Amino acid sequence: MKSWTTLLRRVAAGAAVALLCAPAFAQQPKPIKIGFVTFLSGPASGPFGVPAKVAAEAIVESLNGGKAPAPHNTKGFGGAPVELVVIDEAGGTTKQVTEYRNLVQSVDFVIGYISSGDCLAIAPVAEEVKKLTVLFDCGTPRVFEEGSYKYVFRTRPHATMDAVAAALYLLDTHPNVKNFAGINQNYAWGQDSWNDFTLAMSVLKPDVKVTTSQMPKFGAGQYGAEISALIQSNSDVIHSSLWGGDLEAFMMQAGPRDLFKKSQLILVAGEPYLHRLGGAIPDGTIVGARGTHGVFAPDSPLNDWLKEIYRAKAGTEPTYPAYSAANAILGLKAAYEKAKVAKLQKSIPMGANKGVKEETQKAYAAGPDQDEIIAAFEGLIFSSPSGRMAMSLGKGHQAVSGTAYGTTKLVSGKVTVTNIKRYPIEKVQPPEGMTSADWIKGGMKAK
Amino acid sequence: MQEVLAILIDGITYASWLFIIAVGLTLVYGVMKILNVAHGSLYALGAYAATSLGGYWLAHGYPPVGTYGMLALAAIAVGLVAGPLIERGLLRRMYGNEEVVLVLITYAVFLILEDLSKLLWGVDPLSIPEPYSLLGNFEIGGLVYPNYNLLLLAVSLLVGAALALVLNGTRQGKILQAVIHDREMSAAVGINVSRVYLVTFTVGAMLAAMGGALTAPSIAVQPGISADTIVLAFAVVVIGGLGSLGGAALGAVLVGLVRAWAVHKWPEVELFSVYAVMALVLILRPKGLFAVPEARKI
């Protein structure tokens with residue numbers, strides 16, 4: 001009996017949605033305003049912040065025109081047009097918290113934050129002001145391992161995956177490695193990346209030795225002494241999570257000094273620089289994209305769509321920050337639309353023929369409320385240009401996905417990635433209720 | 001032994017780079033008593049101008065060796081344009097205010113120039129790597145170093161020697177020292193203090209831009225490089241003593257060697273090492289190692 005009622009309600013809701021989406025429908029839903037916070041200035045703007053902004057604008061434009069492929073082919077969010085309010089993430093956590101408090105007054109949702117420090121600072125404030133906030137690019141696992149939030153979601157996997165998959169790939173391709181060194185920036189991202197990598201290596205190959213760990217400050221620029229120390233360490237492998245100008249400066253200075261002739265290089269966040277650095281990336285460098293983004297993204301109509309709209313706007317290929325932006329917007333859209341359908345289903349009076357249109361019109365125009373969207377977002381599985389994303393950790397608030405690593409190869413002067421190996425979720429992510437460190441120490445077993 | 005040699009070479013290379021930047025900062029402070037925060041932006045402008053001019057040169061198929069000329073041209077052009085513009089257009093109207101007000105004004109200039117750089121060059125990292133690798137490498141103690149480091153060392157020695165010579169061995173240098181000692185008395189005896197200020201600030205700006213232009217071939221030029229550099233340059237001049245040429249040299253060498261030692265022997269403290277030296281020096285000599293004793297005015 002219940003299943004019949006549910007079926008009838010679904011059919012009625014589907015018919016109502018179809019009816020309401022028709023052009024003749026007079027009561028248009030009001031635009032949805034999304035605050036988009038990304039680096040527009042400072043060192044992170046060039047490689048991450050601006051590509052994410054360009055992607056977000058291109059995606060919103062395309063969604064509003066109803067041009068995205070299925071399952072995201074409804075206009076805007078469930079028929080409501082989307083507007084972006086873009087804010088600069090530069091200036092540090094104190095400034096960001098102030099900016100966030102101002103921003104939430106005028107927007108419906110917030111998508112943002114590349115810096116792990118900003119994510120850790122914003123999450124409790126989002127909870128306090130009760131504003132649905134999607135963290136789109138920061139990597140620290142601490143957000144949901146140390147906190148529990150109702151209003152905060154993160155639509156990209158956390159950084160443990162990057163370090164664990166790097167160790168797995170290294171040992172898959174170089175099983176005889178005896179020692180390794182590291183050069184990572186001296187702040188949360190660099191430290192976490194190095195710690196997780198060394199921990200994973202110690203579990204996977206306990207006899208492997210650490211030779212030296214160089215931790216230059218963020219934005220150091222000059223790496224002469226670090227390169228000398230790395231050369232003198234005679235390491236088989238050099239692990240690096242450097243990014244942006246720091247990575248480019250390091251590559252420019254280390255290449256002429258023959259560092260990479262002696263040691264195998266792993267660039268955990270190397271993918272955005274494959275085209276920029278070109279010949280400065282030596283053949284055989286192991287690179288990751290912090291997920292199945294960019295060159296690692298699976299072939300799909302959604303991936304083709306992102307590439308096309310990004311190229312049209314930026315004139316270049318989308319790199320992983322563009323994919324992170326896509327995950328966040330499409331994840332929120334999927335949650336919004338799921339909540340909207342649920343609301344429309346509820347709005348249809350049981351067994352009534354009268355008042356159906358009025359009720360559904362009212363529900364359609366109002367859209368789902370924030371709590372309904374949150375309920376729909378928790379544990380959601382949605383499609384994105386990076387593949388299938390599942391909100392499985394952090395009580396349904398933290399996304400997981402598999403990842404991939406590959407090795408660079410120069411072909412006709414162009415850097416390509418070969419020998420791509422893909423790692424499923426259970427091999428690179430801890431299960432729910434377990435911290436990354438405990439999971440790695442425990443042998444990285446699936447639950 | 002090999003490690004000691006590496007520490008010495010790495011330390012001296014870093015010191016050469018630091019000295020070129022810090023010496024302009026200390027010169028401006030010594031003469032004008034202005035702690036010029038915008039010095040970092042002038043460094044960044046020099047780096048940006050070097051990538052543009054060097055890129056232009058190479059894009060037109062001219063011989064790559066000419067990029068060294070482009071680096072020099074970038075430093076001179078930025079110094080000659082930005083120096084007089086800031087000094088005549090802004091600072092000259094503010095002399096007589098307290099030092100802290102002038103610091104705030106140069107901070108405002110720093111912020112304006114940061115945005116101007118973004119407006120002109122965008123936010124993507126830029127590079128001009130050719131001059132860095134063009135000179136080849138040398139090998140010592142099993143380590144390969146680019147000859148470009150030797151060029152950096154030669155330029156810093158040349159800059160230091162030229163400034164010492166001008167300050168101590170020429171009429172203009174004596175005039176400058178008179179202004180450093182007492183601005184009012186210098187003006188009273190007929191020295192054109194206004195012109196001295198203009199020339200000093202322009203030379204300071206040129207040195208900052210030269211630091212940036214010479215660094216551009218080995219780094220990615222991008223927003224944010226100015227702030228990172230000015231903090232280090234401040235540490236160097238504070239260690240050496242504000243306004244002291246010898247102090248800037250000693251401060252740069254001390255910072256360079258301590259940092260290189262930390263990187264090789266104790267990488268965990270590298271971040272902290274430069275500021276530990278600064279704190280130690282300030283505890284022992286609050287006005288820096290080479291602070292000039294100030295005459296008390298009655």
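Predicted model: local features only at pLDDT ≥ 70, side-chain atom pairs only at ≥ 80, totals over all residues.
## A tilted pair and the aromatic cluster

What angle separates the ring planes of A:F48 and A:W243? The planes stand at 45°, with the ring centres 4.9 Å apart, so the pair is tilted. The pair links distant parts of the chain, for A:F48 belongs to helix 2 (residues 45-64) of chain A, whereas A:W243 is found in the loop between strand 8 (237-240) and helix 9 (244-254) of chain A, 195 residues apart. Both A:F48 and A:W243 are buried.

These two pairs come together in one aromatic cluster, which is formed by A:F48, A:Y187, A:F218, A:W243 and A:Y320. Over all chains, a search of the whole structure finds 22 aromatic pairs.

## Arginines over aromatic faces

In chain A, the face of A:W189 has A:R290 lying over it, at 4.4 Å from the ring centre. In chain B, the corresponding arrangement involves B:R259, which lies over the face of B:Y14 at 4.7 Å from the ring centre.

## Chain A as a whole, and A:G42

The secondary structure of chain A comes to 17 helices and 15 strands, and buried residues make up 58% of its 447 residues. Among the contacts in chain A with a separation of 6 or more, 70% are accounted for by residues 24 or more positions apart.

A:G42 is located in the loop between strand 1 (32-38) and helix 2 of chain A, the helix that also holds A:F48. With a relative accessibility of 17%, A:G42 counts as buried, because the limit for that class is under 20%. From C-alpha to C-alpha, A:G42 and A:N176 are 41 Å apart in space, while in sequence they are 134 residues apart.

## Helix 6 of chain B

Helix 6 (residues 148-169) of chain B packs against helix 7 (residues 171-181) of chain B at an angle of about 80°, with the axes 5 Å apart. That angle makes helix 6 of chain B roughly perpendicular to helix 7 of chain B, because angles of 65 to 115 degrees are so classed. On the side of helix 6 the contact is made by B:V166, B:L167 and B:N168, and on the side of helix 7 by B:G173, B:K174, B:L176 and B:Q177. Sorted by class, this contact of helix 6 with helix 7 of chain B has three nonpolar, three polar and one charged residues.

B:S156 also lies in helix 6 of chain B, and B:S156 is buried, with a relative accessible area of 6%. Leaving aside residues up to four places away in sequence, B:S156 touches B:S16, B:F19 and B:I20.

Note on methods. Residues numbered from 1 in each chain as written. Chains lettered and ligands numbered in written order. Heavy atoms only, no water. Axes fitted to C-alpha atoms, helices over the stretch in contact; angles between N-to-C directions. Helix = DSSP H or I, 4+ residues; strand = E, 2+ residues; numbered from the N terminus. Parallel < 35°, antiparallel > 145°, perpendicular 65-115°, else oblique. Contact = heavy atoms within 4.5 Å. Nonpolar A, V, L, I, M, F, W, Y, C, P; charged D, E, K, R; others polar. Phe/Tyr/Trp six-rings, centres within 6.5 Å; stacked < 30°, edge-to-face > 60°. Buried < 20%, exposed > 50% of the residue type's maximum accessible area, 1.4 Å probe, protein only. Lys NZ or Arg CZ within 6 Å of the ring centre and 35° of its normal.
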